[in-house]
Amino acid sequence: VASFHATLEEALNADLLFVVCDASDPDAVEQLETVDDVLADLGAANIPRLHILNKADRASASSLNPLLDAVHDSVVVSARAGTGIVELEATLQDTLAASERTVQILVPHAAGALHAEIRRNTTVLTEQHTVEGAEMVCLISPSRLNRLVAKGAILQQGHGQGTPPDEAPRNE
């Protein structure tokens with residue numbers, strides 16, 4: 001567990017965590033509990049997770065049923081057989097879309113690279129150029145918004161629709 005601690009610290013910046021487990025492993029439930037404990041210790045307990053139960057083709061009902069009881073937000077797949085992949089993609093799309101918020105941000109004219117990053121990594125709904133810079137209304141995840149604000153994007157007040165006040169990034 002200690003060897004994975006530093007790697008898992010990256011989870012703090014994630015919008016969604018994939019927890020992949022070997023569904024055929026008899027210790028899978030305990031392994032998932034260990035992952036949950038480590039994520040909680042890191043302060044990542046509230047980050048949404050998608051559990052991917054792989055090797056379904058090798059799992060017996062007696063090993064798969066306890067997993068399904070333990071994790072209700074799971075997708076059962078077999079990477080080898082290719083089963084469950086379509087369901088995984090659909091679940092991923094739905095989960096990511098649900099985490100996005102509509103926000104209005106101002107990108108100063110001098111931040112051309114930031115403007116390009118926003119256009120590349122978000123869904124831009126509208127864009128208007130002003131004296132101060134580009135005012136953009138975007139669909140964006142909270143963690144991506146935090147990263148963009150840290151790079152110089154300015155969150156416009158009153159436009160963090162759907163983002164709880166305690167999660168809204170601040171420009172200080």
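Me: How many bridges join β1 to β2, and which way do the two strands run?
Reply: This is a predicted model, and in it 6 bridges join β1 to β2 (residues 49-54), with the strands running parallel.

Me: Which residues sit across from each other there? Start with Asp22.
Reply: Asp22 has Asn54 of β2 as its bridge partner. Val20 stands opposite Ile52 in β2.

Me: And what does Ile52 face in β3?
Reply: Ile52 is opposite Val75 there. β2 and β3 pair over 3 bridges, in the parallel sense.

Me: What's the strand order in the sheet?
Reply: The order is β1-β2-β3, in an open sheet of 3 strands with parallel pairing. β1 (17-22) and β3 (74-76) are the edge strands, each pairing on one side only. From one strand to the next, the twist averages 20°.

Me: Is β2 buried or exposed?
Reply: 6 of the 6 residues of β2 are buried, so the strand is largely enclosed by the rest of the structure. Both of its faces are covered: Arg49, His51 and Leu53 lie on one side, and Leu50, Ile52 and Asn54 on the other.

Me: OK, helices. What does α2 make with β1 and β2?
Reply: Together they make a right-handed β-α-β unit. Another right-handed β-α-β unit is made by β2, α3 (residues 61-70) and β3.

Me: How far does α2 reach?
Reply: α2 (residues 28-42) reaches 21 Å from first C-alpha to last, close to the 21 Å expected for its 15 residues.

Me: Which of its residues are buried?
Reply: Ala28, Val29, Leu32, Val38, Leu39 and Leu42 are the buried ones in α2.

Me: And what comes just after α2?
Reply: Gly43, with a positive phi of about 90°.

Definitions and conventions: Residues numbered from 1 in each chain as written. Predicted model: local features only at pLDDT ≥ 70, side-chain atom pairs only at ≥ 80, totals over all residues. Heavy atoms only, no water. Helix = DSSP H or I, 4+ residues; strand = E, 2+ residues; numbered from the N terminus. Expected span 1.5 Å × (residues − 1). Buried < 20%, exposed > 50% of the residue type's maximum accessible area, 1.4 Å probe, protein only. Pairing = 2+ DSSP bridges. Axes fitted to C-alpha atoms, helices over the stretch in contact; angles between N-to-C directions. Right-handed = clockwise from strand over helix to strand, strands pointing away.
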